[in-house]
Amino acid sequence: MIQVNLLPRMDHFAFSMLLLVLLFYCTKTLAQSPAQAPAPAGPTNITKILEKAGQFTSFIRLLSITEVGDQINTQLNNSNQGLTVFAPADNAFSSLKSGTLNSLSDQQKVALVQFHVLPTFLSMSQFQTASNPLRTQAGNSDNGQFPLNVTTSGNQVNVSTGVDDATVANTIYTDNQLAVYQVDKVLLPLSIFGSPAPVPAPSALAKKSPAADAPVSGSDDVPADDSGTIGLAMHGMLMVIPLGVGVLSARWL
């Protein structure tokens with residue numbers, strides 16, 4: 001009987017199959033890598049984030065017409081500085097008084113959108129230690145301008161503008177550079193929507209005093225009254241002398 005040693009042939013076959021499996025795996029991995037790769041380094045587009053989340057059509061439109069959206073993306077792309085965005089949902093805009101946005105000038109619309117953007121990255125936990133008032137990209141945070149204050153209660157974050165109070169409803173997006181939070185109201189800055197200070201009432205002291213109509217002490221023009229007397233005012237003292245006297249004389253002791 002002739003015996004054939006098949007072991008070398010089997011080893012060669014197994015090795016060939018192994019190569020085919022490895023080649024197939026590598027080819028599949030390379031083909032899928034573009035879809036599975038993480039997003040490239042650089043900015044995360046704020047508009048795309050809001051579009052993906054849905055229900056932010058009004059805020060997206062404001063970001064577009066004011067070009068603040070482009071400014072956000074450019075800033076994230078060209079620096080390591082983080083940003084925090086408070087995004088009101090469409091129902092928050094619907095609750096505004098009719099004509100509120102249309103009554104604003106282009107400059108005021110820019111300031112309104114910038115008022116929803118903080119020039120620093122803040123996580124939810126960092127709101128608990130944030131110093132008020134927070135500075136926004138709208139600028140001056142002094143009272144009467146663009147102050148923004150936050151308070152926390154447990155996991156809840158409340159935002160106050162001096163005109164209205166809002167609550168952070170949820171986190172839309174967050175990474176190490178950009179945080180986007182949904183708020184249930186449009187944040188209205190004092191400098192645009194605050195009531196003007198009431199004009200103070202005229203002081204009682206500013207009113208004309210009756211004494212102002214009295215003759216000045218020492219005046220040469222001394223009027224006579226209906227009783228036939230004439231008054232002489234000298235050094236704050238008054239003498240009344242009958243007019244029937246041919247010669248008027250007064251002597252002060």
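The model is predicted: local features need pLDDT of at least 70, side-chain atom pairs count only at pLDDT 80 or more, and totals for chains, interfaces and linings use all residues. Residues are numbered from 1 along each chain as its sequence is written, and side-chain values use heavy atoms, with hydrogens and water left out. The protein chain has seven helices and eight strands. Here helices (H or I, at least four residues) and strands (E, at least two) are DSSP runs, numbered from the N terminus.

**Overall picture**

- Of the 253 residues in the protein chain, 29% are buried. Buried means under 20% relative accessible area, exposed means over 50%, and partly exposed lies in between (1.4 Å probe, protein chains only).
- The accessible surface of the protein chain is about 17,100 Å². Carbon and sulfur atoms hold 56% of that surface. Accessible areas come from the Shrake-Rupley method with a 1.4 Å probe; for residues, only the protein chains shown count as cover.
- Among contacts in the protein chain with a separation of 6 or more, 58% join residues 24 or more positions apart. A contact means heavy atoms within 4.5 Å.

**Helix α3 and its surroundings**

- Helix α3 spans residues 57-65. Its buried residues are S58, F59, I60, L62 and L63.
- These buried residues pack against α2 (46-53), α4 (68-78), β1 (83-88), α5 (90-94) and α6 (106-114).
- E67 follows α3 and sits in the loop between α3 and α4.

**The largest nonpolar core**

- The largest nonpolar core has 46 residues. Such a core is a set of buried Ala, Val, Leu, Ile, Met, Phe, Trp, Tyr and Cys residues joined through side-chain atoms within 4.5 Å.
- L50, F59, L63, I72, V85, F86 and L148 touch the most other members.
- Strand β6 gives the largest share of this core, five residues.
- I72 touches I46, L63, L83, V85 and V117, leaving aside residues up to four places away in sequence.

**Aromatic pairs**

- A pair of aromatic rings is described by the distance of the centres and the angle of the planes. Rings of Phe, Tyr and Trp (its six-membered ring) pair if their centres lie within 6.5 Å; planes under 30 degrees apart count as stacked, over 60 as edge-to-face and the rest as tilted.
- The count by this rule is four aromatic pairs.
- F86 and F127 form a tilted pair, 6.0 Å centre to centre, with 35 degrees between the planes. F86 is in strand β1, and F127 is in the loop between β2 (117-118) and β3 (149-153), 41 residues apart. Both F86 and F127 are buried.
- F86 and Y181 form a tilted pair, 6.4 Å centre to centre, with 35 degrees between the planes. F86 lies in strand β1 and Y181 in strand β6 (residues 178-183), so this pair ties together parts 95 residues apart in sequence. Y181 is buried, as is F86.
- Ring pairs link F86, F127 and Y181 into a cluster.

**Backbone features**

- Most residues other than glycine have a negative phi, and most peptide bonds are trans.
- A cis peptide bond joins N132 and P133, with omega about -5 degrees. P133 is in the loop between β2 and β3.
- Q55 is not a glycine, yet has a positive phi of about 60 degrees. Q55 lies in the loop between α2 and α3. Q55 is partly exposed, with a relative accessible area of 45%.
- E67 is also a residue other than glycine with a positive phi, near 65 degrees.
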